[in-house]
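Visitor: I have a structure open and want to learn how to read it. Please take me through some features.

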Amino acid sequence: MEADRYFPPAVRAALAYDPPGAWMPPLPSGCIRLSAGYPFKASVPSVELARATAALVAAEADLPFHYLGSPAMGRLPALLAARSVLRGMAAGPGELMVTAGAAQALDLAARAVLGPADVVAVEAPTYMEALEIFRNYTPLILGYPVDGEGLQVAALASDLADRRAKGLPTPKLLYTIASFQNPTGATLSLVRRRRLLELAREYDFLILEDDAYGELAFGDVPTPIKALDTDGRVIYVGSLSKVIAPGLRIGWVHAAPGLVAAMSNFKKDLDQPFGQAVTATYLASVDLSARVDELRRAYRERRDVMLAALAQHMPAGVTWTRPEGGFFLWLHAPGVDTGALLAQALAAGVAYVPGKHFYFGANVGGREFLRLSFCYLPEEQMIDGVARLGRLLAAPGSDR
């Protein structure tokens, strides 16, 4: 049976554009995963989470395993709201909802506000999973360039004015990873954050702020756009995946009550009671701020190791960003098709993510770029992987 005849047009278009998993083929055994955007193994508090789980079961027995959940689960929203206050974001009644990770929050926001004729604005490049989400709801995705200060808001403003003058639709939603962007590592400056809010008011669009990396700063922690928002235009998405553990699948959305209510209409995961209860129990037993400070130091050290390895092993002409937080940096290899080169890289035992996967449709670019992750591997493997990649990029005819 040809299943695709049952699919609506948006699904057929999405599958034709980029089949699931296309951004990373199967990896050979022993491959050095410079592609992996995961917390490093020792950063996951497995012992403390095991203790929290044991304490939870001892106190509540079967309750965390039932549909109705547990008293501990009910404490999680207040714990997340208290954490948000430290970043300048006070959540009022009905403004915060726990989700199954940040990805579910992005999907719920897109589902709640987007129709097939609505325009979405994104950074180019941007998070590939977000692109996959948006294209499930609309084919109208506009990309705007990123530089060292994040989204080029002036370019956005110019295009918005041009579209208005020509009678073209302007975005209903703008998606941004304002702090330590995936994949470039860039951070939107405060001046640009304020200007972006001005544009949102002028052109009447919502801002979907993905702040998965915002606390992992190597210096000053950036002010979230949501903390500057005075009229409820920002849908803020937070995550504990990078500061505790991704497998818990704990994210949240902080937005105006009407938006949160609309998103909750589509949330049919029965609230993952066990993960929420374990997380709440764990958070009640630790100093999360102290833990985040330790993670900042650890990831800064890892970034510095990768930067030093790149300086030592990359051939002349190759450049890269120097992120001030997060997990990733963005490498430019002029004249190299990084998508075509990937097969050779895997054969040489090193993986990265080709830049083309961070763009969409008519905005496809990134041919000469790739994303590297400094978050996951032991330092020795990271250095070895960079050295292998450097030799490959220096080789004559490396898909240039």
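Visitor: Which residues of H8 are buried?

Guide: Buried means under 20% relative accessible area, exposed means over 50%, and partly exposed lies in between, with a 1.4 Å probe and protein chains only. In H8, that covers Arg192, Arg193, Leu196, Leu197, Leu199, Ala200 and Tyr203. Seen down the axis of H8, these buried residues fall within an arc of 160°, so they line one face of the helix. The arc is that of the directions from the helix axis to the C-beta atoms.

Visitor: What should I know about the model and its numbering?

Guide: This is a predicted model, where local features need pLDDT of at least 70, side-chain atom pairs count only at pLDDT 80 or more, and totals for chains, interfaces and linings use all residues. Residues are numbered from 1 along each chain as its sequence is written, and side-chain values use heavy atoms, with hydrogens and water left out.

Visitor: In what order do the eight strands of the open sheet stand?

Guide: Strands of a sheet pair through backbone hydrogen bonds, either parallel or antiparallel. Two strands pair if DSSP finds at least two bridges between them. Here the order is S2-S9-S8-S7-S6-S3-S4-S5, with mixed pairing. The edge strands are S2 (96–100) and S5 (150–151), each pairing on one side only.

Visitor: Where does H8 pack on this sheet?

Guide: Contact means heavy atoms within 4.5 Å. H8 (residues 190–203) touches S4 (141–147), S5, S6, S7 (206–210) and S8 (234–239). The direction of H8 makes about 145° with that of S7. Axes are lines fitted to C-alpha atoms, for helices over the stretch in contact, and angles run from 0 to 180 degrees between N-to-C directions.

Visitor: Which strands run parallel to each other, and which antiparallel?

Guide: S7 and S8 run parallel, joined by four bridges. Ile207 stands opposite Val234 in S8. S8 and S9 run antiparallel, also with four bridges. There, Val237 stands opposite Val253 in S9. S2 and S9 are antiparallel over five bridges, and the bridge partner of Thr99 in S9 is Gly251. S3 (residues 120–124) and S6 (residues 173–176) run parallel, with three bridges.

Visitor: How many residues of S8 are buried?

Guide: Six of its six. Both faces of S8 are covered: Val234, Tyr236 and Gly238 on one side, Ile235, Val237 and Ser239 on the other. In S2, four of five residues are buried.

Visitor: What about His254: buried or exposed?

Guide: His254 counts as buried, at 2% relative accessibility. His254 sits in strand S9. Leaving aside neighbours within four places in sequence, its contacts include Met89, Glu95, Lys226 and Tyr236.

Visitor: Which strands does H10 lie across?

Guide: H10 (residues 257–264) lies across S2, S7, S8 and S9 (250–254), at about 30° to S2. The buried residues of H10 are Leu259, Val260 and Met263. They fall within an arc of 100° seen down the axis, so they line one face of the helix.

Visitor: Which residues touch the most other members of the largest nonpolar core?

Guide: In soluble globular proteins, nonpolar side chains tend to be buried together. A nonpolar core is a set of buried Ala, Val, Leu, Ile, Met, Phe, Trp, Tyr and Cys residues joined through side-chain atoms within 4.5 Å. The largest core here has 108 residues, and Phe134, Ile244 and Leu372 touch the most other members. Helix H12 (residues 288–313) gives the largest share, ten residues. A second, separate core of 22 residues includes Ala157, Ala178, Leu197 and Ala200.

Visitor: In what order do the four strands of the antiparallel sheet stand?

Guide: That open sheet runs S10-S11-S14-S13. S10 (319–320) and S13 (353–354) stand at the edges, each with a single partner strand, so one side of each is left without a neighbour in the sheet. H12 packs on this sheet, touching S10, S11 and S14 (369–373).

How values were computed
Helix = DSSP H or I, 4+ residues; strand = E, 2+ residues; numbered from the N terminus.
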